[in-house]
Amino acid sequence: LLSDPTSKLAEQFNITSVNKDSNQVVFILSPKNQSEMFQRIELFFNEDKLNQMQLFDSLGQKTIIKFNHVKTNTSPSIEQFVFNVPKGVDVVQGQ
């Protein structure tokens, strides 16, 4: 969702925006296909940085994800994506 270009999002969602105040804008994404997992997604931007997502699912549940210390246009190192299996943990791999 966050890595797709805006044009791809517009293909999948109806997008509206609401200005909460001079610094905060909320984008409301409603799926065009009603069989999607979510009824709507709300993206909260404060001073042009994403600081919160709210996901509303088809069961009426709401999930809130908050972002702190957001950095944009950075190149993460490959070491951030290495998974080391903790001792005593079994890993099940699907075929």
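Colleague: What makes F83, V85, V89 and V91 a nonpolar patch on the surface?

Modeller: F83, V85, V89 and V91 together have about 390 Å² of accessible area, as computed by the Shrake-Rupley method with a 1.4 Å probe, where only the protein chains shown count as cover. Patches take residues with over 30% relative accessible area and no salt bridge, and nonpolar side chains (Val, Leu, Ile, Met, Phe, Trp, Tyr) are joined within 5 Å. This is a predicted model, in which local features need pLDDT of at least 70 and side-chain atom pairs pLDDT 80 or more, while totals for chains, interfaces and linings use all residues. Residues are numbered from 1 along each chain, and side-chain values use heavy atoms, leaving out hydrogens and water.

Colleague: Why is V89 called partly exposed?

Modeller: Buried means under 20% relative accessible area and exposed over 50%, with partly exposed in between; V89 has 44%, so V89 is partly exposed.

Colleague: How do you know that R40 forms a salt bridge with E42?

Modeller: A salt bridge needs a side-chain nitrogen of Lys or Arg within 4 Å of a carboxyl oxygen of Asp or Glu, and the closest N and O atoms of R40 and E42 are 2.8 Å apart. A search of the whole structure finds one salt bridge.

Colleague: Are these two partners, R40 and E42, buried or partly exposed?

Modeller: R40, with a relative accessible area of 29%, is partly exposed, whereas E42, at 11%, counts as buried.

Note on methods
Patch = residues over 30% accessible without salt bridge, like charges linked within 9 Å, V, L, I, M, F, W, Y side chains within 5 Å. Buried < 20%, exposed > 50% of the residue type's maximum accessible area, 1.4 Å probe, protein only.
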